[in-house]
Amino acid sequence: MCGIVGYIGRRDAYPIIIKGLQRLEYRGYDSAGIALYDGNDIKLSKTKGKVSDLKERLENEITTDGTLGIGHTRWATHGVPNDVNSHPHYSNSGDLVIIHNGIIENYDSLRKELINRGYTFKSDTDTEVLVNLIEDVKKNENVKLGKAVQIALNQVIGAYAIAVFDKNKPNEIVVARLGSPLAIGVGDDEFFIASDASPFIEFTKNAIYLEDEEMAIVRRGKTVKVRKIKNDDLVDPYIQELQLNLEQIEKGGYDHFMLKEIYEQPEAIQDTFRGRLLSNEAMVKLAGVEDNMKKFLAADRIIVVACGTSWHAGLVSEYIFEDLARIPVEVEYASEFRYRNPVITERDIIIAISQSGETADTLAAIKLAKSRGAFVFGVCNVVGSSIAREADAGAYTHAGPEIGVASTKAFTTQITVLTLMALRLARAKGTISSSEFRHHLIELETIPNKVEVALKSDAYVETIADIYKDATNFLYLGRGYNFPVALEGALKLKEISYIHAEGYPAAEMKHGPIALIDEQMPVVVIATKKGHYEKVVSNIQEIKSRKGKIIGIVTEGDVSVKELADHVIEVPETIECLTPLLTTIPLQLLSYHIAVMLDKNVDQPRNLAKSVTVE
Ligand code: F6R
C-alpha cells in the first residue's frame, strides 16, 4: 500500500509528482504530501485526505518551484490518517526528507534508542523513525547519504520502498526496496521514481525495477548506481522497455475506472487467450505449463493460495481442475496458509493467484511453500511484480492495468488462464476426449462476444439497482461453478456500497441463512441452465415462500425462474465450466450502480487499497 513518486531532472517536479500521485491513488488515499527542493530549501506540504485536497491546499501554501521532489499517497498502517502522520517526514535537523511504503516492524525499539540519543518525534509513524535513524548514522559514522541509508536499512526489520534526499546535496535521491515495489524511469537527463510505472509513462518507456534488498543512488544527469543493501555489491541494472501506454491508465470517457474495466472484459479475456488458445490446431500453449509438464503430471495435488477476489477465482479453478483434469485441489486463504504450518511436499504444485502480484500474504505463502520444496506457479496480472518473480514459473493474465480498487477484469482473466491450464493438463492426462477438448476451446473462444452480450443488460441492471439500493442486507446464492461467483458478487457489493452481503452455496441456505429471509431481503440467485438448475429452482421456491425478493441470473430464454423471480437478468448460454465468466458480469454492474446511486466513491472505497502489501 501507499504510493511513492519522485523526480529529479530538468523539468518542474511539481506537476509530474502531483499527477503521478493521482495515478497511484489506487494504492492508498487517506493522506498525501509532497516535498520539493526549490533551489534553497525543502518546501513541504501534506494533508489528511485525497491528492485533490493536497493540490488545493499546497498551491496556496508553498511555492511549487524546483526540479527535485518526492510525493506520497498513504494507506495508514502506523498512526491514524492525519496531517502529522502523512508523508513526507523530516529528520530532526530538517536536512533529510523521506517517503516510505511498507512497515518497519522493529520501529518501536529503534525509536526508543533514538529517543535515548535525544531525538524527538512529531508523528506516530515508523517512517519518521527511519529517517532519523538514517540521520543518526550519517552523523555518527560521518558518511554520505547513500551509505547512511544502507547502514540504517541493515538495522531494519520489515518491508519498505523508500525515497530520501538531503537538502545539502540536492542533486541526488536515494531509493531502496525490500518487499514493496519501486521502479525508476530513466529519461534523458532525468529520472522518475514510482511504485509503478504509471506516473512516468508519458515521459519514458525505459524503467529499472529494483529487486528486493537493492538500493540505488539516482543522480541528476548521471547514470543510476544500483547496489545490494546487504553487502554493497554493485548490480548492473536491467533497463526494461515498458509495454504500457497512457490510454490504458486513463478513464477513456467512463465515469469510473471500475465501469471502464467492467467494459474492457471482452477484450481483456481475448488478450488473455491470444496466442495460447489455438482452436484450429486444437491446442493450448502456455509456456509455463509446457516447460514444467512433468512436474504437473507427477503432482499429487494443486494448492491454490490467494486473497479476496483472486481467492474466488481460485475456488472456480478448484471445480475446473478437478472436473476436467482430475487433479485434487485445495484452495487456501494465503493469510491462513502461511501461519498454519501446512503439510506441503515436493509433489505439491502451488498456484498463487494475484492481480497486483504484490499481496504480502500471498507472497509469504509462496515463500513458505518454496522453502518446503513445492513448485510454485504464479498467475499474476502485473508484469514483473514480486509474486511473478518469486514463482518458479507462471502465466500472466494480460488484463491490462486494473485501477479501480474493486477487482473485475482481473477475476475473469484469472479464470480464463486457469481454464486454459486445466484444459491443457486434462488433455495431457487424457482425462478429456479430443472432441470434448475441442468443444471447450471453441466455446472459450466465443466468451468475449458473450460477455459483450451480457454487458447489454447494463441499463436493466441499473433499474434493479434503483429498486434495491436502500436494502441493508443482500444474499447471493449459487451452486457448483457459480458458488464462488455468489461469493464474488457479495464481496463486490460490500466493498463499494458498504451494504452487508453474504454469498452462500444455494443448498446451504436451509442450514441457517434461510432464517434471514423476509420481504426486506433481496436474494440474488445464479440459476443458469447448466449447473444443477432444477435444484436451484427448488431453492428459489424456498425463498419465494418466505417472501424474499428474488433477482435471478439466468440463461437466455429461461422460463421456470422467470415465473418465480421478481427480476431476471439473462446471460448467453455456454458450457457449465465457463458460466462464471458470464454470470459475474451482471453482479459487477449491480454493485457498481448501487454504489453510484448511494454516492459512494466507487474507485476508492473507504479503508481499502488496491495493493495490499502489508499483512
Ligand atoms: C476485491 C479485491 C481484493 C483483492 C485482494 C487480492 O475487489 O480487489 O479482494 O482481490 O486484495 O489482491 P491481489 O489479487 O492483487 O493479490
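Colleague: How are α1 and α2 oriented to each other, roughly parallel or roughly antiparallel?

Modeller: This is a predicted model, where local features need pLDDT of at least 70 and side-chain atom pairs count only at pLDDT 80 or more, while totals for chains, interfaces and linings use all residues. Residues are numbered from 1 along each chain as its sequence is written, and side-chain values use heavy atoms, without hydrogens and water. The axes (lines fitted to C-alpha atoms over the stretch in contact, angles from 0 to 180 degrees between N-to-C directions) of α1 (residues 13–23) and α2 (residues 51–61) cross at roughly 155° and come within 9 Å. Angles over 145 degrees count as roughly antiparallel, so α1 and α2 are roughly antiparallel.

Colleague: Which residues of α2 make the contact with α1?

Modeller: Contact means heavy atoms within 4.5 Å. From α1 come Tyr 14, Ile 18, Leu 21 and Gln 22. They meet α2 at Val 51, Leu 54, Lys 55, Leu 58 and Glu 59.

Colleague: At what angle do α7 and α15 pack?

Modeller: Helix α7 covers residues 265–273 and α15 covers residues 434–455. Their axes lie 8 Å apart. The pair is roughly antiparallel, with an angle of about 170°.

Methods
Helix = DSSP H or I, 4+ residues; strand = E, 2+ residues; numbered from the N terminus. Parallel < 35°, antiparallel > 145°, perpendicular 65-115°, else oblique.
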